[in-house]
Amino acid sequence: MTDHYVPGPNAHIDTTDFEREIGELAGDSTGIDLMKLELAPTIYEAMERRIAIDPDEPSPTAILCRYMTVEKFLWFLHSQSVYFGGVSGFDDSRDCTVPEDYENAVQQFYLARECVPADWDVQVDRARNRWLISCWTEVSSSIDDYLLWHRYAGGQNGVAITATYEQLKRTLLTGLGEQRGLLSKMECLKSGYVSYDEGLRLLPFNKRGMFKNEKEVRFVGRTDFKSSANVPVHDLFPEMGLRLSPDAASFHHESVIELWKRFGGSENIVVSEG
């Protein structure tokens with residue numbers, strides 16, 4: 001019988017060196033003695049070093065858009081800020097998690113030493129929730145994905161804002177870096193394409209292939225002191241554009257455009273093609 005399984009490019013990662021490294025950290029320790037070593041943060045760092053590859057980036061002039069509901073659009077107009085959210089609010093529970101082969105290697109490491117990997121699970125969850133992310137879509141066609149309008153903008157009456165990658169990178173990463181806490185600061189300020197099973201990248205830039213039609217570009221930072229952040233874009237706002245769904249009624253287009261201009265929005269207004 002023909003095997004219908006089609007392996008992905010990230011299937012069966014060779015974790016031999018990683019397993020050897022964490023085995024040396026543990027030595028002969030097992031059970032409660034292994035738990036007392038509190039190795040989870042060190043093991044996580046060892047895993048992260050192996051996949052800490054910076055993402056590919058769009059061209060500086062690439063147009064990115066952010067889909068939003070009407071309610072979020074009104075918030076954007078009043079605040080002229082871009083929201084960075086935590087991973088806990090994402091629909092995909094596997095977003096920003098440890099790659100499967102590394103996760104399996106760690107689970108087997110603990111279980112072979114008669115130790116429940118509870119501290120590892122806590123470490124993974126804590127590390128995952130340190131990321132703050134702003135998600136955008138690259139506009140590479142005059143036609144938008146119908147499902148993106150409905151998933152992220154709430155349907156045909158949603159709105160999208162646009163800007164070039166260079167403009168957003170300069171404004172968002174600078175603004176995110178200026179966020180400060182009493183005892184820590186924002187780290188690992190990065191931006192670029194999400195990799196959809198096309199080779200591992202730094203954790204927040206990996207996503208399952210089933211989401212590849214989103215053509216997502218992310219702006220990220222890592223911190224211990226914030227669960228979300230609002231980054232002002234007052235200086236960029238006059239250069240930003242407005243993008244509307246072709247399925248919305250003409251009177252809706254007119255109302256949104258009037259509101260956009262009332263807040264000082266540019267003439268860079270596009271109704272995507274259907």
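Visitor: Which residues does Leu 172 touch, not counting those up to four places away in sequence?
Guide: Leu 172 touches Val 82, Phe 84, Ser 134, Trp 136, Phe 219, Val 231 and Val 233, leaving out residues up to four places away in sequence. A contact here means heavy atoms within 4.5 Å. One caution on origin: this is a predicted model, where local features need pLDDT of at least 70, side-chain atom pairs count only at pLDDT 80 or more, and totals for chains, interfaces and linings use all residues. Residues are numbered from 1 along each chain as its sequence is written, and side-chain values use heavy atoms, with hydrogens and water left out.

Visitor: Why is Leu 172 called buried?
Guide: Its relative accessible area is 0%. Buried means under 20%, exposed over 50%, and partly exposed in between, with a 1.4 Å probe and protein chains only. So Leu 172 counts as buried. Leu 172 sits in helix H8, residues 165-177. Helices are DSSP runs of H or I with at least four residues, strands are E runs of at least two, and both are numbered from the N terminus.

Visitor: What does the whole chain look like in numbers?
Guide: The chain has nine helices and 11 strands. Its C-alpha atoms fill a box of roughly 70 × 60 × 30 Å along the principal axes. Of its 274 residues, 46% are buried. Among contacts with a separation of 6 or more, 81% join residues 24 or more positions apart.

Visitor: What makes the pair of Phe 73 and Trp 260 stacked?
Guide: A pair of aromatic rings is described by the distance of the centres and the angle of the planes. Rings of Phe, Tyr and Trp (its six-membered ring) pair if their centres lie within 6.5 Å; planes under 30 degrees apart count as stacked, over 60 as edge-to-face and the rest as tilted. The structure holds eight aromatic pairs. For Phe 73 and Trp 260 the values are 6.3 Å centre to centre and 25° between the planes, so the pair is stacked.

Visitor: Which parts does this pair tie together?
Guide: Phe 73 lies in helix H4 and Trp 260 in helix H9, residues 250-262, so the pair ties together parts 187 residues apart in sequence. Phe 73 is buried at 2% relative accessible area. Trp 260 is buried too, at 0%. Ring pairs link Phe 73, Phe 76, Phe 237 and Trp 260 into a cluster.

Visitor: How do you know that Arg 151 lies over the face of Tyr 152?
Guide: The test asks for NZ of Lys or CZ of Arg within 6 Å of the ring centre and within 35 degrees of the ring normal. Arg 151 is 5.1 Å from the ring centre of Tyr 152 and lies over its face. Lys 207 lies over the face of Phe 211, at 4.9 Å.

Visitor: What makes the largest pocket a pocket, and what is its volume?
Guide: On a 1 Å grid over the protein atoms alone, a cavity is a set of points where a 1.4 Å probe fits but cannot get out; a pocket is an open set with protein on both sides within 12 Å along at least five of seven lines. The largest pocket has a volume of about 1000 Å³, the volume being the space filled by probe spheres set on the points, which are joined across faces, edges and corners.

Visitor: How many residues line the largest pocket?
Guide: There are 39, a lining residue being one with an atom within 4 Å of a point. Tyr 67, Lys 72, Cys 135, Arg 151 and Tyr 152 lie nearest the centre. The lining divides into 18 nonpolar, nine polar and 12 charged residues. Nonpolar covers Ala, Val, Leu, Ile, Met, Phe, Trp, Tyr, Cys and Pro; charged covers Asp, Glu, Lys and Arg; the others, Gly among them, are polar. Elements giving at least two lining residues each include strand E1 (63-68), helix H4 (70-79) and strand E8 (216-222).

Visitor: Why is Glu 216 called buried?
Guide: Its relative accessible area is 3%, so it counts as buried. Glu 216 is in strand E8. Beyond its neighbours within four places, its contacts include Cys 135, Trp 136 and Lys 207.
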